[in-house]
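Hello,

Here is the structure we discussed handing over. Please look it over before reading the notes below it.

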Amino acid sequence: MNDCLFCRIVAREIPADVVHETDRTLAFRDVNPQAPTHVLVVPKEHHATAGLLVGADPQLLADVVASAHAVAVQEGLVTDDGAEPGYRLVANTGPAAGQTVHHLHLHVLGGRPLTWPPG
Ligand code: 5GP
Ligand code: ZN
C-alpha cells in the first residue's frame, strides 16, 4: 500500500504529529484542523472504510474507537468515565461524504461548540 498516504504515515515515511499509539492504531493531528482538537485515528493495517473493517476485523475497529476515546481524554475533551464537555467522532465514507483518504480514519473533533446538522 505504498500509494496510501496513511499507510505511509504509519510506516513513518511521511512525518506526522503523533499524539497516541498502540500496537494496532496510530493517532496524529490533522494537517488542516477544523477545531482546536482535530486528530485522526487509524488502524495501522490498511482498511478502506469502517464498514469493510468491521466485517474483516471487528476487534480492530473497537481498538480504533478505544484509541479515539483515549485521545479525547488526553486532550481534555472528556474524563475517562464522563461525556463533558464532549467531542465528535466522524468517519467520512465515500465521495458523497467527502472521504479523500481511503484508509479508514476517525476524526476526533473538539475544543469548541460543534453545531448540528453537519454540512
Ligand atoms: P477525509 O476527508 O478523508 O475524511 O479526511 C482526510 C483528512 O486527512 C483531512 O481532514 C485532511 O486535512 C487530512 N490530511 C490530508 N493529508 C494529510 C497529511 O499529509 N497529514 C495529516 N496529518 N493529515 C492529512
Ligand atoms: Zn492505507
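The notes below cover the ligand site, an aromatic pair and some backbone features.

This is a predicted model, in which local features need pLDDT of at least 70 and side-chain atom pairs count only at pLDDT 80 or more, while totals for chains, interfaces and linings use all residues. Residues are numbered from 1 along each chain as its sequence is written, chains are lettered from A and ligands numbered from 1 in the order in which they are written, and side-chain values use heavy atoms, with hydrogens and water left out.

Ligand site

Ligand 1 is surrounded by 16 residues, a residue being counted if one of its heavy atoms lies within 4 Å of the ligand. The closest are Arg29, Asp30, Asn92, Thr100 and His107. By type, the shell has seven nonpolar, seven polar and two charged residues; here Ala, Val, Leu, Ile, Met, Phe, Trp, Tyr, Cys and Pro count as nonpolar, Asp, Glu, Lys and Arg as charged, and the others, Gly among them, as polar.

A backbone N or O atom of Thr100 is 2.7 Å from an oxygen atom of ligand 1, and a backbone N or O atom of Val101 is 3.0 Å from one. From the side chain of His105, an N or O atom lies 2.9 Å from a ligand oxygen atom. Of the 530 Å² of accessible area that ligand 1 has on its own, the protein covers 81% (Shrake-Rupley method, 1.4 Å probe).

Two or more residues of the shell come from each of α1 (5-10) and β2 (25-29), and α1 gives the largest share, three residues. Helices (H or I, at least four residues) and strands (E, at least two) are DSSP runs, numbered from the N terminus.

Aromatic pair

There is one aromatic pair in the structure (ring centres within 6.5 Å; planes under 30 degrees apart are stacked, over 60 edge-to-face, the rest tilted; for Trp the six-membered ring is used). Phe6 and Phe28 form it edge-to-face, at 5.4 Å centre to centre and 75° between the planes. Phe6 lies in helix α1 and Phe28 in strand β2, so the pair ties together parts that are 22 residues apart in sequence.

Backbone

Most residues other than glycine have a negative phi, and most peptide bonds are trans. Arg12, in the loop between α1 and β1 (18-21), has a positive phi of about 65°. Glu84 and Pro85 are joined by a cis peptide bond with omega about -5°, and Pro85 sits in the loop between α3 (58-74) and β4 (88-90). The bond from Trp116 to Pro117 is also cis, with omega near 5°; Pro117 lies in the segment after β5 (106-110).

Regards

Technical notes:
A polar contact is a pair of N or O atoms within 3.5 Å; within protein, one must be able to donate a hydrogen and the other to accept it, and residues adjacent in sequence count only if both atoms are side-chain atoms.
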